[in-house]
Structure formats: C-alpha cells, structure tokens
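This report goes through one structure in steps. Please look at the sequence and the model before reading on.

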There are 2 protein chains.
Amino acid sequence: MAGRPAEPEVIWARPERAGRGPRPAFSRADIAAVAVRIADAEGIDALSMRHVAAELGCGTMSLYNYVPRKEDLYELMVDAVSAEYDLSDPTGDWRADMLALAHQTRALMHRHPWLPRLMSPVYGFSPNALRYLEHCMTCLDPLKARYGTKMELIASVNGVVTTYVANEIATAERTRSLPWSPEQEQGVRIAYLFSQVATGRYPRLAAAFAEDSGPIDMDAVFERALTRTLDAFAD
Amino acid sequence: MAGRPAEPEVIWARPERAGRGPRPAFSRADIAAVAVRIADAEGIDALSMRHVAAELGCGTMSLYNYVPRKEDLYELMVDAVSAEYDLSDPTGDWRADMLALAHQTRALMHRHPWLPRLMSPVYGFSPNALRYLEHCMTCLDPLKARYGTKMELIASVNGVVTTYVANEIATAERTRSLPWSPEQEQGVRIAYLFSQVATGRYPRLAAAFAEDSGPIDMDAVFERALTRTLDAFAD
DNA sequence: GCGCACTACGTACGGTGTACGTAACTACGA
DNA sequence: TCGTAGTTACGTACACCGTACGTAGTGCGC
C-alpha cells in the first residue's frame with residue numbers, strides 16, 4: 001500500500017525513516033534538492049512527479065512513499081530554499097536588519113522564480129520558516145512594540161517584497177509559456193495601451209504617461225515601498 | 001484552421017466579430033460569464049476548456065475560435081469581474097475613497113476567490129482595468145503629488161489588499177483540493193507548531209503566542225495595514 | 001455569384017496526478 | 001530465532017488536461 005493517509009498530516013511531523021521495511025533510498029533533502037533544481041532550470045510547469053522520480057532514478061510511484069501528495073513536494077521545496085537565508089547576528093538597528101532581510105528575500109526569489117507562486121501562508125510554519133521568523137523577531141528586539149505589532153511588521157515587509165518580486169518575475173517567466181518573446185508581446189500590449197489612452201477617455205492616465213516618459217527605475221520604486229512600510233512602524 | 005496566431009496578440013485588440021463567415025454564436029462576455037460561473041462554483045482547478053465549451057453547448061475546439069489560449073480566458077475573466085466595481089463619483093476625500101475602493105476589491109476577491117491567483121500585472125491594461133485606474137487617479141486628484149507617486153500609492157494599496165485576501169482565501173480554498181477538512185488540517189498544523197515552539201528553540205515566537213492567546217481579529221489587522229499604507233502617502 | 005475567410009468540431013497526441021495491486025524486504029514481538 | 005506486520009518499490013491504469021491538425025459547412029465582400 002502507498003503512504004497516502006486518509007487522515008490529515010503535516011509532512012514535518014512524519015518521521016523520515018520508519019522502523020520497519022527496507023531503508024529509504026533517498027532523504028527528503030535529496031528529493032527537495034532535485035525538485036528545486038528542476039523548477040529553477042525548466043520552470044515550475046515542468047515540475048512533475050514523473051520528472052522528479054526520473055531524475056532521482058526511481059519509479060514514479062515510489063516517490064509517493066516519501067511525498068504523499070504533490071502539494072507536499074511544494075512544501076519541501078519552499079522549506080529547502082528558506083535554508084538559504086543568511087541569519088547572522090542582528091546589528092541592533094532593526095530597520096537596517098529588516099531591509100537587509102527584505103533584499104535577501106528578493107534575491108532568493110530571483111534565484112527561485114517559482115517561490116512567490118508556491119509560497120502559501122499554510123506552509124508558514126515549516127522548520128526553516130520558524131527559524132526565519134524567530135530571527136526576524138530577534139532583529140526587532142530593539143523596537144518597542146507588542147509582539148503582535150512586530151508580527152504585522154514582518155508580514156507587511158514580506159507582503160511588499162512578494163508582491164513586488166512576483167510582478168518582476170511574471171513578465172520574465174512568460175517566456176516559458178509563450179510561443180513568442182516577451183518583448184514582442186510587451187510591444188503589442190503597449191501599442192494597445194497607447195491606442196486606448198489616445199482615445200482621450202483616460203485623461204489622467206495620459207497625463208501620468210506623459211509625465212514619466214522615460215523608463216521607470218523599478219529598483220528605486222521597490223526601495224521607496226520598503227522604506228514607507230518600515231516608516232509606518234517606526235517608534 | 002484554428003484562430004491561433006504565431007504572432008503575439010492582445011485579445012482586446014482582436015475584433016469580436018470578423019467580417020466574413022458565419023456570425024459567432026457567442027460573445028466574449030458570454031464566454032467570460034460562463035468561465036467565471038464555473039470558477040466561482042467549482043474552483044479554478046475545475047475550469048477547463050472542455051468544461052467551458054460544454055457549458056456553452058459547443059465543441060471543445062470551437063472555443064479556440066474565440067479564445068486562442070487558455071491564458072486569454074483568464075484575461076477575459078479578470079476583466080469581466082473588474083466591471084463589478086462601483087466607480088461612482090469621488091467624495092473629495094482621497095483617503096476615504098481609496099479605503100472604500102480597497103474594501104470593494106476585498107469583497108470582489110471574496111466573491112471570486114480565484115482572482116488573486118489569476119491577476120497578473122501583464123493583464124493590467126484590460127478595458128476595465130483602465131477604467132478602474134483612471135477612477136483611482138480621479139479619487140487622488142485632491143492629493144498633491146506627482147502622478148508617479150499616485151501610481152505607487154495605487155499599487156501599494158492593491159498589493160496590501162491582494163496579499164491579505166490571498167492569505168484569507170488560501171486556507172478556505174484548500175477544502176477543494178484536500179480529502180480532509182481544513183479545520184482538521186489546521187488542527188494538525190497547530191499541534192506541530194506548538195510542539196516545535198515547546199522545544200524552547202523559538203523563545204520570541206513562544207512569547208508572541210503567549211501574548212495573543214485569543215483569536216486574532218483579522219479584520220482589524222487588515223484595517224491597520226491599509227491605514228498605515230495610506231498614511232505613508234499623506235501630504 | 002464566386003471565392004475566401006471564417007466558424008464548427010471530431011480525433012489524436014503527449015502530458016498530468018494518483019489509486020491500486022503486487023512483490024521484495026527488514027525490524028520487531030514472540 | 002522465526003514468523004509477520006508494516007514499509008519500500010514500482011508497473012499498470014484511469015480520468016483528466018491543453019491544444020495541433022484536418023475537414024466540413026457558412027455567409028460576407030468583391
């Protein structure tokens with residue numbers, strides 16, 4: 001019988017090695033590493049149970065002994081890349097520390113463009129997520145505020161980063177699913193946008209586009225969004 | 001030959017009715033309405049081209065005359081529900097207007113739980129999205145700021161709302177894909193969380209959980225996040 | 001009224017997640 | 001020490017998915 005239980009279960013609470021039976025050929029870390037490699041290299045849509053199993057060198061259904069459902073594979077992956085955080089000692093300046101963490105998250109998401117899509121609040125308590133959360137809390141020690149407020153701060157910063165990077169990535173990742181280049185598509189979309197704005201039905205949008213004729217410095221936009229978020233919690 | 005072009009194309013630039021040939025049996029609005037109904041009632045994972053075509057009463061491949069790719073169906077859906085916004089005249093109080101719009105967005109996303117997942121920045125210029133954007137800009141007329149800043153404000157507010165509601169929905173929508181109830185799962189997850197916190201490895205998290213023993217008022221959290229975001233742009 | 005661009009749609013291909021059955025294996029209880 | 005229970009391994013099969021392609025039929029523009 002396969003390992004699929006009828007009862008709810010968190011993969012982290014399930015022991016990696018059961019008492020009886022042959023010793024497992026792979027560790028959870030092995031599986032997560034392979035899955036991450038595939039998703040990084042070929043895109044999240046190319047990540048299938050068959051693909052992972054093939055790369056591991058085992059039958060497709062054998063994988064289900066380790067990972068009851070594909071969703072659990074996602075959970076393993078998110079936790080695995082969360083280990084890439086550098087959680088060295090806080091400096092004592094909580095704003096600087098949170099800013100640095102936000103930039104780490106952004107870099108992490110650029111290394112693993114599938115992260116924003118797979119991250120789910122229900123995965124929020126995986127082992128590495130707990131380490132990360134505790135570290136954030138430590139960085140926020142100098143801030144005089146209730147724990148609840150600090151939690152909201154962390155959530156806000158992560159929300160800004162996730163939203164921003166998801167947008168950054170969305171355009172780039174379209175290359176994978178489209179038969180034409182994203183530049184071509186963007187050209188067509190901008191042409192349509194201009195044709196609409198030129199109708200005069202959107203005077204303020206027209207003015208906005210006229211104001212910022214050059215390309216927008218998205219890094220600066222990101223930085224401002226972060227600063228504003230942190231300022232909102234300043235004591 | 002099917003309608004799939006090798007050239008990039010925005011569906012909005014493609015005329016609904018071509019000159020020659022039999023008159024189309026459905027309008028884009030018909031198709032979008034059916035797709036929205038399915039996604040609302042059965043979840044986004046149950047939305048397939050076959051399903052939509054069946055509900056419309058036509059062959060699967062006929063649908064591809066109207067919608068070249070499934071992604072275009074998504075774009076139609078997002079635009080269709082964007083028409084549900086009540087964009088009545090601004091009050092002159094930009095903070096109140098933006099707050100009301102944010103609440104509208106939240107309600108919209110609760111009516112259509114698939115919205116956060118399908119919304120993509122690349123769809124950002126559909127007809128109803130343009131109407132919405134122009135309306136936001138009109139609400140922000142009283143705010144003395146550059147258009148670029150106003151754009152950032154709109155993006156920030158929408159980011160907060162999307163992040164927050166996506167989290168709200170994620171847990172609820174799990175019911176669809178899981179063989180057990182979300183309450184059961186949450187119970188198991190919380191049990192694991194407690195077991196981890198009880199190890200003493202996460203003292204600050206422990207303190208945080210001890211502080212807020214009762215259930216958290218998520219509506220209040222949402223409201224605070226919105227207020228903080230708007231405050232950051234106050235003149 | 002001719003021709004062509006369009007609509008309609010059946011079939012088929014290569015993929016997906018995963019339920020189920022069976023065979024081999026090992027650690028534990030007797 | 002020896003069953004035996006529970007685990008691992010994995011082939012097969014099912015019900016889906018998006019969509020490429022080919023073939024008819026239809027009606028507008030010339």
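How many disulfides does a search of the whole structure find over all chains? The search finds zero. The model is a predicted one, and the values below were computed from it.

**Cysteines**

Cys139(B) takes part in no disulfide, and its nearest cysteine sulfur belongs to Cys136(B), 6.2 Å away. A disulfide requires the two sulfur atoms to lie within 2.5 Å. Cys139(B) has a relative accessible area of 2% and is therefore buried. Cys58(B) has a relative accessibility of 18%, so this residue also counts as buried, since the word applies under 20%.

**The two copies**

How is chain A related to chain B?

**Between the chains**

The contact joins 61 residues of chain A to 61 residues of chain B. Together the two chains bury about 5,600 Å², and 62% of this area is on carbon and sulfur atoms. Three residues, Arg189(A), Tyr192(A) and Arg204(A), supply 13% of the area that chain A buries against chain B, more than any other three residues.

**Inside chain A**

Chain A is divided into two domains, domain 1 covering 22-81 and domain 2 covering 87-231. Their centres, taken over C-alpha atoms, are separated by 28 Å. Each side brings residues to the contact: 15 from domain 1 of chain A and 15 from domain 2 of chain A. Which residues of domain 1 of chain A lose the most area to domain 2 of chain A? They are Val78(A), Asp79(A) and Val81(A), which together make up 40% of what that side buries. The salt bridge between Asp45(A) and Arg117(A) has its closest N and O atoms 3.8 Å apart.

**The two interfaces in a table**

The table lists the computed values for both interfaces.

| Interface | Item | Value |
|---|---|---|
| Chain A and chain B | Buried area | about 5,600 Å² |
| Chain A and chain B | Salt bridges | 14 salt bridges |
| Chain A and chain B | Polar contacts (both at pLDDT 80 or more) | 23 residue pairs |
| Domain 1 of chain A and domain 2 of chain A | Buried area | about 1,400 Å² |
| Domain 1 of chain A and domain 2 of chain A | Salt bridges | one salt bridge |
| Domain 1 of chain A and domain 2 of chain A | Polar contacts (both at pLDDT 80 or more) | seven residue pairs |

For the two domains of chain A, 62% of the buried area is on carbon and sulfur atoms.

Conventions:
Residues numbered from 1 in each chain as written. Chains lettered and ligands numbered in written order. Predicted model: local features only at pLDDT ≥ 70, side-chain atom pairs only at ≥ 80, totals over all residues. Heavy atoms only, no water. Buried < 20%, exposed > 50% of the residue type's maximum accessible area, 1.4 Å probe, protein only. Domains from an automatic or database assignment. Contact = heavy atoms within 4.5 Å. Buried area = accessible area lost by both parts, 1.4 Å probe. Salt bridge = Lys/Arg side-chain N within 4 Å of Asp/Glu carboxyl O. Polar contact = N/O pair within 3.5 Å; in protein donor to acceptor, adjacent residues only side chain to side chain.
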